[in-house]
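Subject: Structure handover

Hello,

Here is the structure I said I would pass on. My notes follow below it.

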Amino acid sequence: MTVERLFDEYGHFKRFQACLYFAAVFQAIACGIHYLASVFLVETPNFVCSIPGNITDVLYGNITGTSLESILPVMKPAGGPLVVRTSEGEQWELSQCRSALRIDPQDFTYDYYGNKTMKECSGNFVYDHSEIHQSIVTDWDLVCEKEWLAKLCQPTFMLGVLIGALLFGDIADRIGRVRILMFTSVCQFGLGVAVAFSLNYYLFVVLRFLLAMVSSGYLVVVFVYVTEFTGSKVRTWTSMHIHAAFAVGIMVVALTGYLVRVWWIYQIILSTCTSPFLLFCWKFPETPFYLMAKGRYKETQALLDTIARFNGLECRLKAEDLLEQVNMENGKALLEREEEERSTQPEKKLSILDLFGSWRMAGRSCTVWAIWFIGSLGYYVFSLGSVNLGGNQYVNLFLAGAVEVPSYLVGCFAMDRIGRKKTCAPALLLAGVACMLIIVVPPEIESLAIALSMIGKFAVAIAFGLIYLYTCELYPTVIRSLAVGSGSMMCRVGSVVAPFCVYLADVWIYLPQLIVGILAFIIGVLTLLLPETLGKPLPTTLEEAESLGHNPSKKKSTLDTKYAEDGLELNQHGAKA
């Protein structure tokens, strides 16, 4: 018997598990919110240099006005400067980072071929507030020579995500899942609100970095948490729909950004969206897999009794029944000697090196990490490359979140029908093919290029969504959070590399798609070498994990499954009698 037996006895997804699941997933919305919040926090509106004196007339091509504010909404950065005349009679040509004073102009016209005195902006700018009332860019003038500071916000956030994924994944395997969930949830709320009250840019970046760490930590551990509390029959759907909650967070960002155009109010609203979770997260129990792996059998028994009562079932399952290859007497003896054993036997320290303990595990870990990397790289390359779609930016972001939902539904359906490996590999191969086809599409057929881009993003989202669950099922309890955390770290490496990959379009417009296409195709082929985990119990030891997909154990696993089913059938008949 294994810990998986409790789901056969008490239900794979009954009342107790459902309450825990929806509560934990609700907080996952905050992760999607904070990951995408910077889209509008660091948005840069149209702007030009400010000049001394009162402006009376403005020219921009054939457009005339009496103030900069009336012309800035229609100004294009690459469309030439604004020409203004002051009450003193001076004429200036205003660009974004410099201004030019016309010398002895005869008429007030847009075109001028006389002498000019060029001046650099001295930190004074006029912004277009028609769309963006206030952002950190307008507050702290993060333009021109300070533009790199604004662009640094998202990379530093993703660096925090990378560190948090590895750090909290490791800690969760040492001190438990629940403590990390509570800590990161409280910090998400506190740091999120604190960001809104940042007094300067550097404090803003530091707080966002810490916020990224705890947001990543929650997202990593919550996947492990719901996986260890749900049975194999529903594990696909429960893990994949955490991604749907993340997508809901993206849609919340778009809706809030549309309604609130002041960055600090926008940040406060986003940070308080999931605050009700803090009222009941402290009641979350530790997972039975973790308790059994740590030898805390008395706490396991109390949890089993709670699950049975909450689900309206008889408390007939004992903690010793979940021990593998141990008879009842030995199980009871273990319960009695629990405190003594825990005090006399030091706990084995596990590290990331345990992911590479053998050639089989090393090859598996490298392939899993590659899937994490290409999933993130492809997702962001497709997303950043879709800005040429035009239209309303808030609607575009909302749709970017909404389009992920059907991909997860299709992924769930396929994973439960044909398996994890046979879903992930074709999805990556499809993404690679879509990238190749985008390269050969004629530039004048934009609709076809957009359609292929959406197909590519749809396919990458499927692979990106299932890799969380697939990683959980490929590794044992003792290093499961570490495996997911390290995989998420590779995912963040991909997200950091993605903007630089997009910049390669300056070398050749299709170079980013070519890179993603080649990597996705190669990794899709390597995925075919991974073992299938559909319908198999979660491994609890390194030996069980290493034996996954190993042919000699196939017959034994089939027999064990048959005996377990026969035992369950007998129990059911006994209950009916």
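**The sheet**

An open sheet is formed by 6 strands in the order E3-E2-E4-E5-E6-E7, with antiparallel pairing. Strand E3 (63-65) and strand E7 (116-120) stand at the edges; each has a single partner strand, so one side of each is left without a neighbour in the sheet. On average, neighbouring strands of this sheet are turned by 20 degrees against each other, direction ignored. Please keep in mind that this is a predicted model.

Within the sheet, strand E5 (residues 91-94) and strand E6 (residues 98-102) run antiparallel and are joined by 3 bridges. Leu-94 has Ser-99 in E6 as its bridge partner.

**The nonpolar cores**

Which residues have the most contacts inside the largest nonpolar core? They are Ile-136, Phe-204, Ile-242 and Phe-284, in a core of 145 residues. Helix H8 (residues 201-227) supplies the largest share of this core, with 17 residues.

Phe-204 touches Leu-41, Ile-136, Trp-140, Cys-153, Val-195, Ser-198 and Trp-263, if residues up to four places away in sequence are not counted. One of these, Ile-136, is also on the list of residues with the most contacts inside the core.

Another core, of 14 residues, lies apart from the largest one. Among its residues are Val-48, Ile-51, Leu-72 and Leu-101.

**Two single residues**

Asp-8 lies in helix H1, which covers residues 5-10.

Thr-423 lies in helix H18 (residues 421-440). Thr-423 has a relative accessible area of 7% and is therefore buried, as the cut-off for buried is under 20%. The side chain of Thr-423 reaches the backbone oxygen of Ala-414 at 3.4 Å. Leaving aside neighbours within four places in sequence, Thr-423 is in contact with Ala-414 and also with Gly-411, Met-415, Ile-418, Ile-462 and Leu-466.

Regards

Terms used:
Residues numbered from 1 in each chain as written. Predicted model: local features only at pLDDT ≥ 70, side-chain atom pairs only at ≥ 80, totals over all residues. Heavy atoms only, no water. Helix = DSSP H or I, 4+ residues; strand = E, 2+ residues; numbered from the N terminus. Pairing = 2+ DSSP bridges. Axes fitted to C-alpha atoms, helices over the stretch in contact; angles between N-to-C directions. Core = buried A, V, L, I, M, F, W, Y, C linked by side-chain atoms within 4.5 Å. Buried < 20%, exposed > 50% of the residue type's maximum accessible area, 1.4 Å probe, protein only. Contact = heavy atoms within 4.5 Å. Polar contact = N/O pair within 3.5 Å; in protein donor to acceptor, adjacent residues only side chain to side chain.
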